[in-house]
Amino acid sequence: MTTVRVRLTLIYSGLFLLTSVVLLVIVNTLLRMALHSRIERFSPSPMGEAPAAPAAPLPGSAVARLPPLSELARDLIHYQWDVSALAIGVLTLVSVAVGWVIAGRILRPLHRITATAQRLSLSTLHERIALGGPRDELKELADTFDAMLDRLERSVEGQRRFIANASHELRTPLAVQRTAIEIGLPEDVGEIRATLLLHNHRIEGLIDALLVLSQAEHGLEKRSRVALDEVVRLVLAEADRGEVTVTARIEPFTVHGDPVLLNRLVTNLVDNAVRYNHPGGAIEVTLAGGVLTVRNTGPEVPAERFGDLFAPFRRLHTTRGQGAGLGLSIVASIATAHGADVRARPNPGGGLEVAVTFPAGVI
């Protein structure tokens, strides 16, 4: 792929070469015409009259050695063409080098804008390009980009405040409601009491999932060294395995990220593998080479619904009513926030394999 700098260099050099060739053709053509007009003055007249004798005739041997004037003119023009072509070739190489340097200086502000855009994240939205120099098109572009960052920073801060307020305002009444159900309802209405508590827990889980999904989609504010292998071992030790068999093969691996979100990613993968399994099924958890793979047995995933696995609130008809449909959506969002890639594929005979590939580990 040709870069803008290369294209600008080629344009500069091409224009120089074109103008030089045109100049060379014009100069050499005019020179040839001037020489021919001068030679005609010393040529015999059409009437056969001899030119006037020179004031001081040259010795016979010197006259014999002088070539005709037309031959001298032709040799001079050929020499002029050769020297001009050589000079243009050398100057073309010089123009390529000079054009490369000038193009680099012109594009330097664009490189600065690009580097700032690539470096930006939710934790560095306060950075600005602050390009100096004359007010030209590049300065206007940098200022526009800075203004966009101002608006984006205000928007992100507003969403963070909303998430924090929603977390408090939604969880408090649910906690009060759960306490009222547990204390206010007698034990003899156990079915109603259990149903109300079940829905209360489901709403709390849904709110927690939505808040985690929102936090993951807004990126990571802070990163730290996280031993992913220890996170996987802790999740497997605390997981409710039910009637399935879990096997694990875990290698040490460290990433830069949020330990809470990484714990939630592994938890969702394991819970999803347990929930959508069959009694006596199996789960295989592998962490090797920076790739976390969770493979389970279970019902077959319909081919036409496979694209909905990571979409929010999308549940397969084979598992409808089990969960809010946010488990793998949260996994995908947390993985994206950590620069990881998530892939899923069905297992032969039923079940699913989900693989999360993390960037190179931290030494």
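Analyst: A residue is called exposed when its relative accessible area is over 50%, and buried when that area is under 20%; anything in between is partly exposed. The model is a predicted one.

User: What makes Arg 343 count as exposed?

Analyst: Arg 343 has a relative accessibility of 57%. The cut-off for exposed is over 50%, so Arg 343 counts as exposed.

User: Which residue pairs with Arg 343 in a salt bridge, and is that partner buried or partly exposed?

Analyst: The partner is Asp 341, with the closest N and O atoms 3.0 Å apart. A salt bridge requires such atoms to lie within 4 Å, and this pair meets that limit. Asp 341 has a relative accessible area of 34% and is therefore partly exposed.

User: Why is the contact between Arg 249 and Glu 251 called a salt bridge?

Analyst: The N to O distance between their side chains is 3.8 Å. Because the limit is within 4 Å, the contact qualifies as a salt bridge. Arg 249, at 49%, is partly exposed, since exposed requires over 50%. Glu 251 is also partly exposed, at 34% relative accessibility.

User: How many salt bridges are counted by this rule, and why can such side chains pair at all?

Analyst: The count comes to eight. Side chains of opposite charge can pair when their charged atoms come close. Glu 284, Arg 295, Arg 345 and Glu 353 are linked in a network of salt bridges.

User: What does the salt bridge between Arg 128 and Asp 150 tie together?

Analyst: The closest N and O atoms of Arg 128 and Asp 150 are 2.5 Å apart. Arg 128 lies in the loop between α3 and α4, whereas Asp 150 lies in helix α4, so the pair ties together parts that are 22 residues apart in sequence. Arg 128 counts as partly exposed at 24% relative accessibility, and Asp 150 counts as partly exposed at 31%.

User: Why is helix α6 called oblique to helix α7?

Analyst: The axes of α6 (residues 228-238) and α7 (residues 259-275) come within 9 Å and cross at roughly 45°. That angle makes α6 oblique to α7, because angles under 35 degrees count as roughly parallel and those from 65 to 115 as roughly perpendicular. The crossing of α6 and α7 is right-handed.

User: How do you know that Val 270 is buried?

Analyst: Val 270, which is located in helix α7, has 3% relative accessibility and so counts as buried. The cut-off for buried is under 20%. From Val 270 to Asn 296 the C-alpha distance is 9.2 Å, although the two are 26 residues apart in sequence.

User: What makes helix α8 largely enclosed by the rest of the structure?

Analyst: Helix α8 spans residues 327-337, and nine of its 11 residues are buried, so it is largely enclosed. Among the buried residues are Leu 328, Ser 329, Ile 330 and Val 331. Just after α8, Gly 339 has a positive phi of about 70°.

User: Why is Asp 308 called buried?

Analyst: Asp 308 has a relative accessible area of 18%. Buried means under 20%, so Asp 308 is buried. Asp 308 is in the loop between β5 and α8.

Definitions and conventions. Residues are numbered from 1 along each chain as its sequence is written. This is a predicted model: local features need pLDDT of at least 70, side-chain atom pairs count only at pLDDT 80 or more; totals for chains, interfaces and linings use all residues. Side-chain values use heavy atoms; hydrogens and water are left out. Axes are lines fitted to C-alpha atoms, for helices over the stretch in contact, and angles run from 0 to 180 degrees between N-to-C directions. Helices (H or I, at least four residues) and strands (E, at least two) are DSSP runs, numbered from the N terminus. Angles under 35 degrees count as roughly parallel, over 145 as roughly antiparallel, 65 to 115 as roughly perpendicular and the rest as oblique. A crossing is left-handed if the near helix is turned anticlockwise from the far one by less than a right angle, and right-handed if clockwise. Buried means under 20% relative accessible area, exposed over 50%, partly exposed in between (1.4 Å probe, protein chains only).
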